[in-house]
Protein chains: 2
Amino acid sequence: MDHRPWNQRQQDRQARLARAAEALGPRLSGRHVATGAVTDLLHAVIEPHDRVCLEGNNQKQADFLAQALASLDPERVHHLHMVQSVLALPEHLDLFELGLASRLDFSFSGPQGARLARLVSQGRIEIGAIHTYLELFSRYFVDLTPKISLVAAQAADRHGNLYTGPNTEDTPAIVEATAFSGGIVIAQVNEVVDGALPRVDIPADWVSFVVPAPRPNFIEPLFTRDPAQISEIQVLMAMMAIKGIYARYGVQRLNHGIGFDTAAIELLLPTYGESLGLKGKICRHWALNPHPALIPAIEAGWVESIHSFGSELGMEDYIRARSDVFFTGPDGSLRSNRAFSQAAGHYACDLFIGSTLQMDLDGNSSTATLGRIAGFGGAPNMGADARGRRHASPTWLQAGEESRRGRHGAAGTPRGQKLVVQMVETFREHMQPAFVERLDAWTLAEQARMPLPPIMIYGDDVTHILTEEGIANLLLCRSDEEREQAIRGVAGYTPVGLGRDRRLVENLRDRGVIQRPADLGIDPRDATRNLLAARSMRDLVRASGGLYRPPQRFRNW
Amino acid sequence: MDHRPWNQRQQDRQARLARAAEALGPRLSGRHVATGAVTDLLHAVIEPHDRVCLEGNNQKQADFLAQALASLDPERVHHLHMVQSVLALPEHLDLFELGLASRLDFSFSGPQGARLARLVSQGRIEIGAIHTYLELFSRYFVDLTPKISLVAAQAADRHGNLYTGPNTEDTPAIVEATAFSGGIVIAQVNEVVDGALPRVDIPADWVSFVVPAPRPNFIEPLFTRDPAQISEIQVLMAMMAIKGIYARYGVQRLNHGIGFDTAAIELLLPTYGESLGLKGKICRHWALNPHPALIPAIEAGWVESIHSFGSELGMEDYIRARSDVFFTGPDGSLRSNRAFSQAAGHYACDLFIGSTLQMDLDGNSSTATLGRIAGFGGAPNMGADARGRRHASPTWLQAGEESRRGRHGAAGTPRGQKLVVQMVETFREHMQPAFVERLDAWTLAEQARMPLPPIMIYGDDVTHILTEEGIANLLLCRSDEEREQAIRGVAGYTPVGLGRDRRLVENLRDRGVIQRPADLGIDPRDATRNLLAARSMRDLVRASGGLYRPPQRFRNW
């Protein structure tokens, strides 16, 4: 019988809690810590080399705790291993510049991507890996369990129960992994209430400390797209998506990425979609943040349910008034949950549609470009065929049948397949071609010594490529050469597009592998902004009956 | 502006709660319902055609509520759509025979599989689909959201907070989906406590009603395997698994299925594994129920962490005393969570190893046999390549490199791959061959009019097949023919095995695609039961220092 200690994690937690009690004295009452004592609290509980999750979500940020962490003494706190889904705030990287943290596992670093690349190249940050969200949460329960979690909530009650409000996001996954492994959970809250919370999102006994923040936590309205900025090219592409993919496969359950391309689809459902008689036949169930662009479709009765990763600023009253569509608590506000919504996006959706910056001739695509390390968030999880899925739907069966037609052996065994659509204009900003012979990801992998190039969606998971020139259905391609010509065939006037073999491309078109707007019965002259159910932010507000209240920066009135 | 009601789900919940209050009168106090009033409660809140989740887990059962549901009047309650992961109790199927329920979406029906098949063939049950667990939970948030959930917990406090004890299992996923969509959550509890719960697993305001059950809820010790029943063939296969797969790929993070085959591996780690110098090099992190067979490896210091789908009867004190290894609450008992553990099995593990009843020449395997509809539980989720995964590990990179070596185009783009091992003796019980030309699943699909044959693990997801004859590495096969001969080459004296092309099989052996025990430096004469770190239940108890207390049925002392 081994007599080594087997409860060190619990004892370590007790020791840290005792240190906090001693350091804080009367500034600690139950689980509640005085705002001004936050630095002392963090110094008392954090040790060098700790694995720390500083809640950076897609939207909600534990910004007060981020600032407090960045203010610690690097003599006392150093070599932290940060494990958090999103790097959004400058403080998230300050930690590394200041010598507090050295290692990083994450999912997305949108606004900090360029600075992150610089710090990596300077050897200031050692990157463990870049994950898709659900993958990072999964590792919290296996080999990246946080010792310290610093999270954000809307309110706490006297006991320390937390109310996250509509942006629950990552909080339950982070807190569960930490609280049940001898870790310390510290929550910043916008307010402490005397009575009952509107609802309890996190039970008090999962929380070690609650600190009132001096100002409400930062939230980014990441999913708001002004309809005024949608172009007629995007309207044309949205028409092709609806008629050539959604209608063709009868897509009922889906996820849309962020962007004007997909906002255009959302705004075309009650107009163009209606004219095709598709209401009730497509787009009924969504795994999606509360996109304001979806308001007209919701109002027109297209949408039965939406489960959300997070919320969206300004949508609070609209969600409350449309609780049949959204997942809400008894208090009327949204209950989002990124872990479950990502699982839904992976396993319960028939289609994922997103965009990319570059795609190569194998159909591999990536938003990683030189000088930036951005990560891909949820795209790899939702933009991959869910091979563990076993429930059938007509959409999934049809895609699987197209993919397996004429194949033999294991590859020919009947099986459904998820539709994964990449929707991209042939040229992006500054006339950069979206189609390339070689992804920047390869150079990036060499520069940052990554074991694999950072590919967002792999070519063998992509089923359709949609550009202003048409749709390429990769499910029907039977060789690398066909796949290459199908991609060249929708790549327009990019060098890759100009390099097409015209005879082969016409052959693919004859076989329906490539479809032009005309092949779909779409006249590009019909693709005008008049088709958009809302053409401005004001239109969205009007469509919501005044319930949607966009943040100031989206208003010109 | 549409003036249709948009909060019907919330209003419907209020109406049902009001009906319950009226029907129960003084038998309802706060959220607490008198035990004897359960039938009246269910009649008050359940309506025909409701979608109902009756918590049938892998282990914990809401058996009291199951019996109560089965006792309802089919004139008042009928056409229920049951959405639950496991059909374990007779009552789960009684509902259909009694005319209360008509449609079923589920994951696993082990003990009820034969009766289920009978009811389906009689047209008494319409099966929506058979899911892997995480897939079913995902659909709870999209298009299979329960209106009514009937769950089981260990205890409730006066407010209605729930303590699930070690078998949290599916409860959080079920309750979250129901509580935040205008549904009704009813919990049976073993006790109601006056003071504080040992911990809160589910907050009170997610729960509509709490009913004390007249006896503790049923729990099945599903993961206990008596080492006395492990054969020397299984010891030999376990040696091959450890040396030929775990050591070869340096597998650190893994899941084991249920069975004597994998129990043998667990029991060989501190003996054979130790002799190979593998401690600390393999098997450090697990997504796994608390298998008693893992006790010797834990005691010998092999295991750093285990996250569990559910718990295992008799392991309570051992888990409490080994909290560094298991995820436990401040109360010391396990916090399991099937949703997160399945996510971990999918995204954070490098290897899944399981068994099957039948495998065909494409490598497709299934435990579905004629006259039984059993479902596959977690196997499809964990036994599929996680194509959304982006973090690299040496194991995953090595498997991916072997798989892509010499390939071109999208299929040749470098990418890691999960190891999916099927471990199976060439003949199963009653001398039925495990290798067949055609899976029973095909006939079953025709009989039950399923859209696809119920295949558990698809051939193109399997990487290794391990039998007593050797290991076939399918990653290295480059054609359907090679794959077929690799499978025949380890299929022993089954007709499929006898049908091998000896020359091709020897060629595959020369190339290392097939490895015999001798090729691995394993002498089958060394494969004795003496290698097992525990050879009986009593040995397991002894290894645990008396902390493991097996259920009576596993004891002969």
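1. A salt bridge here is a side-chain nitrogen of Lys or Arg within 4 Å of a carboxyl oxygen of Asp or Glu. A:Arg488 is buried, at a relative accessible area of 8%, whereas A:Glu437 is exposed, at 57%. Buried stands for under 20% relative accessible area, exposed for over 50%, and partly exposed for what lies in between (1.4 Å probe, protein chains only). Helices (H or I, at least four residues) and strands (E, at least two) are DSSP runs, numbered from the N terminus.

2. A word on the model before going further. This is a predicted model, in which local features need pLDDT of at least 70 and side-chain atom pairs count only at pLDDT 80 or more, while totals for chains, interfaces and linings use all residues. Residues are numbered from 1 along each chain as its sequence is written, chains are lettered from A and ligands numbered from 1 in the order in which they are written, and side-chain values use heavy atoms, with hydrogens and water left out.

3. How many salt bridges are there over all chains? A search of the whole structure finds 82. One of them joins A:Glu126 to A:Arg103, with 2.5 Å between the closest N and O atoms. This pair, too, links distant parts of the chain: A:Glu126 lies in strand β6 (residues 126–130) and A:Arg103 in strand β5 (residues 101–106), 23 residues apart. Both partners count as partly exposed, A:Glu126 at 45% relative accessibility and A:Arg103 at 28%.

4. In chain B, B:Glu47 forms a salt bridge with B:Arg16, the closest N and O atoms being 3.3 Å apart. B:Glu47 sits in the loop between α2 (38–45) and β3 (51–54), and B:Arg16 in helix α1 (residues 8–24), 31 residues away in the chain. B:Glu47 is partly exposed, at 26%, while B:Arg16 is buried, at 2%. In chain A, a network of salt bridges links A:Asp12, A:Arg16, A:Arg19, A:Glu47, A:Asp50 and A:Lys147.

5. Next, the two chains together. Chain B is superposed on chain A by a rotation of 180 degrees with 0.0 Å of shift along its axis (RMSD 0.0 Å). That is the relation of a two-fold axis. The superposition is by least squares on the C-alpha atoms of residues with pLDDT of at least 70 in both copies. In chain B, B:Pro203 comes closest to the rotation axis, at 3.1 Å (C-alpha).

6. The interface itself has 101 residues of chain B in contact with 101 residues of chain A, where contact means heavy atoms within 4.5 Å. Of the interface residues of chain B, 100% are also interface residues in chain A, so the copies meet through the same surface. The chains bury about 8400 Å² between them, 57% of it on carbon and sulfur atoms. In chain B, B:Trp6, B:Phe180 and B:Arg390 lose the most area to chain A, together 10% of what that side buries. Buried area is the accessible area (1.4 Å probe) that two parts lose on being put together, summed over both. There are twelve salt bridges between chain B and chain A, and A:Arg335 meets B:Glu176 in a salt bridge (2.9 Å, N to O).

7. Helix α16 (residues 440–447) of chain B has a buried side made up of B:Asp440, B:Ala441, B:Leu444 and B:Ala445. Seen down the helix axis, these buried residues fall within an arc of 140 degrees, so they line one face of the helix. The arc is taken from the directions from the helix axis to the C-beta atoms. B:Glu446 and B:Gln447 are exposed on the face turned away. The buried residues pack against β15 (358–359) and β16 (365–366) of chain B.

8. Finally, the cysteines. The count is zero disulfides over all chains, a disulfide being a pair of cysteine sulfur atoms within 2.5 Å. A:Cys283 is buried, with a relative accessible area of 0%.
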